[in-house]
Amino acid sequence: MDFTTTLLSWYEAHARHLPWRGTGNPYHVWLSEVILQQTRVAQGTAYYFRFLEYFPTIRALADAPLDLVMKCWQGLGYYTRARNLHKAAKLVVAEYGGELPNNYEALRKLPGLGPYAAGAVASFAFNEAVPALDGNGYRVLARVLGIFEIPTKPAGQRIFRERCLELMDRQRPADFNQALIDFGALQCVPSSPRCAECPMNSFCYAYAHAKQHVLPLKETPNALRVRYFHYIILLENNYTYIELRRTKDIWHSLYQFPLIETDAPLTWDELVKNTQFKTLFGKRITLREAVAEKVQKLTHQELHLRFFIVEGKLTATCRAQYERIERVAIHAHQVPISIAKFLASEVAAPYFPTQMQ
Ligand code: SF4
């Protein structure tokens with residue numbers, strides 16, 4: 001048996017039953033693919049249903065305020081995906097009357113639809129014969145065919161796409177692409193692939209040459225960046241101060257409390273001697289509560305977060321730099337998940353009630 005026949009017959013017996021499969025609804029497919037980039041199926045499924053409840057159609061998504069879209073996305077991370085989803089929905093309404101275009105080339109032009117997502121929507125929803133290669137697909141092809149190219153590099157992508165197209169069943173592109181993804185997710189898994197009972201083991205390159213742990217080739221990982229965030233929670237009667245993150249960095253377009261970032265952790269006594277702190281907050285600030293450090297791990301970063309709840313006389317610099325809001329209003333602002341967790345903590349909750357007492 002050849003690769004394609006083996007893959008499709010395995011798929012007929014083992015396909016995963018996912019809520020967005022077989023709906024024939026391009027919006028559902030698109031939504032699921034955007035959510036599942038960087039997110040596990042188990043976590044993403046709840047968000048998928050939440051989005052469909054709030055925004056049942058592309059038009060409903062396009063008409064919704066960005067704030068609501070971001071709020072629904074809160075906790076999924078990689079917030080650019082949500083902004084692009086909203087931007088693309090507006091474009092689909094403006095240029096295509098609210099229906100997704102039915103081909104890969106047009107889908108690729110929408111914000112946030114890279115080669116994988118555009119290929120997934122084009123093949124799953126419109127049965128167009130184009131590759132939809134995610135990490136699972138790359139792994140299966142690299143191992144079975146013995147492809148020694150890095151799939152994330154442009155040259156590697158070209159070769160993987162060519163090989164995928166050569167093997168694709170042109171009558172069943174949706175099944176072929178979904179089968180590759182499921183085969184990688186269930187059978188040819190990253191570590192300890194189930195080779196002994198694999199239907200491909202008679203012609204699999206990696207199995208024959210014991211290269212399962214070498215393929216697919218990976219780029220040298222970036223060094224881990226360790227950052228220390230010291231959040232200053234200013235209390236002024238019923239008010240507090242926040243700012244919008246505008247720099248090209250994590251958490252772009254989310255709100256945060258005034259932040260002092262350093263290369264090493266600082267205690268409160270060290271923090272008040274920090275030059276940036278002195279410029280922003282002066283000397284007449286007193287500490288009310290310090291929260292124990294929390295660590296958040298991102299793909300290439302490790303964040304050490306400390307929250308200091310303070311009060312006192314604010315400087316003019318501080319007033320000019322930050323936005324003053326009622327403390328209850330913080331809950332209507334989109335904040336990173338670490339700040340949302342802080343706000344819900346026992347220490348912070350009394351200072352930030354959901355309703356004015
Ligand atoms: S034999 Fe092993 S490495 Fe090859 S496709 Fe099957 S599970 Fe993957």
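Asn127 is partly exposed, with a relative accessible area of 41%; burial classes were assigned with a 1.4 Å probe on protein chains only, buried being under 20% relative accessible area, exposed over 50%, and partly exposed in between. The residue lies in the loop between helix H8 (115-126) and helix H9 (135-145), and has a positive phi of about 55° although it is not a glycine. The model is a predicted one, in which local features need pLDDT of at least 70 and side-chain atom pairs count only at pLDDT 80 or more, whereas totals for chains, interfaces and linings use all residues. Residues are numbered from 1 along each chain as its sequence is written, and side-chain values use heavy atoms, with hydrogens and water left out.

Ser253 likewise has a positive phi, of about 70°, and is not a glycine. Ser253 is found in the loop between strand E2 (239-244) and strand E3, and counts as partly exposed at 25% relative accessibility. A further backbone feature is the cis peptide bond that joins Leu215 and Pro216, with omega about -5°. Pro216 is placed in the loop between helix H12 (205-209) and strand E1 (225-235).

The secondary structure of the protein chain comes to 16 helices and seven strands. These elements are DSSP runs numbered from the N terminus, helices (H or I) having at least four residues and strands (E) at least two. Along its principal axes, the C-alpha trace spans about 80 × 50 × 35 Å. Of the 357 residues in the protein chain, 50% are buried. Among contacts (heavy atoms within 4.5 Å) with a separation of 6 or more, 65% are between residues 24 or more positions apart.

Two helix pairs were examined. Two packed helices are described by the angle between their axes and the distance between the axes. The axes are lines fitted to C-alpha atoms, for helices over the stretch in contact, and the angles run from 0 to 180 degrees between N-to-C directions. Helix H3 (residues 41-54) packs against helix H5 (residues 66-73) at an angle of about 155°, with the axes 10 Å apart. H3 and H5 are therefore roughly antiparallel to each other; the class is set by angle, under 35 degrees being roughly parallel, over 145 roughly antiparallel, 65 to 115 roughly perpendicular and the rest oblique. H3 passes H5 in a right-handed crossing, where right-handed means that the near helix is turned clockwise from the far one by less than a right angle, and left-handed anticlockwise. On the H3 side, Tyr47, Arg50, Phe51 and Tyr54 meet Leu68, Val69, Lys71, Cys72 and Trp73 of H5. By class, this contact of H3 with H5 has seven nonpolar, no polar and two charged residues (nonpolar: Ala, Val, Leu, Ile, Met, Phe, Trp, Tyr, Cys and Pro; charged: Asp, Glu, Lys and Arg; polar: the others, Gly among them).

For H2 and helix H6 (residues 80-96), the axes come within 10 Å and cross at roughly 160°. That makes H2 roughly antiparallel to H6, and the crossing is right-handed. Trp30, Leu31, Val34 and Ile35 in H2 meet Arg81, Leu85, Ala88 and Ala89 in H6. The contact of H2 with H6 has seven nonpolar, no polar and one charged residues. Helix H2 (residues 26-36) also holds Ser32, which counts as buried at 0% relative accessibility. Leaving aside neighbours within four places in sequence, Ser32 is in contact with Trp20 and Tyr48.

The structure holds 19 aromatic pairs. Rings of Phe, Tyr and Trp (its six-membered ring) pair if their centres lie within 6.5 Å, and planes under 30 degrees apart count as stacked, over 60 as edge-to-face and the rest as tilted. The rings of Phe257 and Phe352 have their centres 5.7 Å apart and their planes at 55°, so the pair is tilted. This pair links distant parts of the chain, 95 residues apart: Phe257 is in the loop between strand E3 (255-256) and strand E4 (259-262), and Phe352 in the segment after helix H16 (337-344). Phe257 is buried at 0% relative accessible area, and Phe352 is buried at 2%.

Phe307 and Phe342 form a stacked pair, 4.2 Å centre to centre with 5° between the planes. Phe307 lies in strand E6 (residues 301-312) and Phe342 in helix H16, so the pair ties together parts that are 35 residues apart in sequence. Phe307 counts as buried at 2% relative accessibility, and Phe342 is buried with a relative accessible area of 4%. Phe229, Tyr231, Trp251, Phe257, Phe307, Phe342 and Phe352 form one aromatic cluster.
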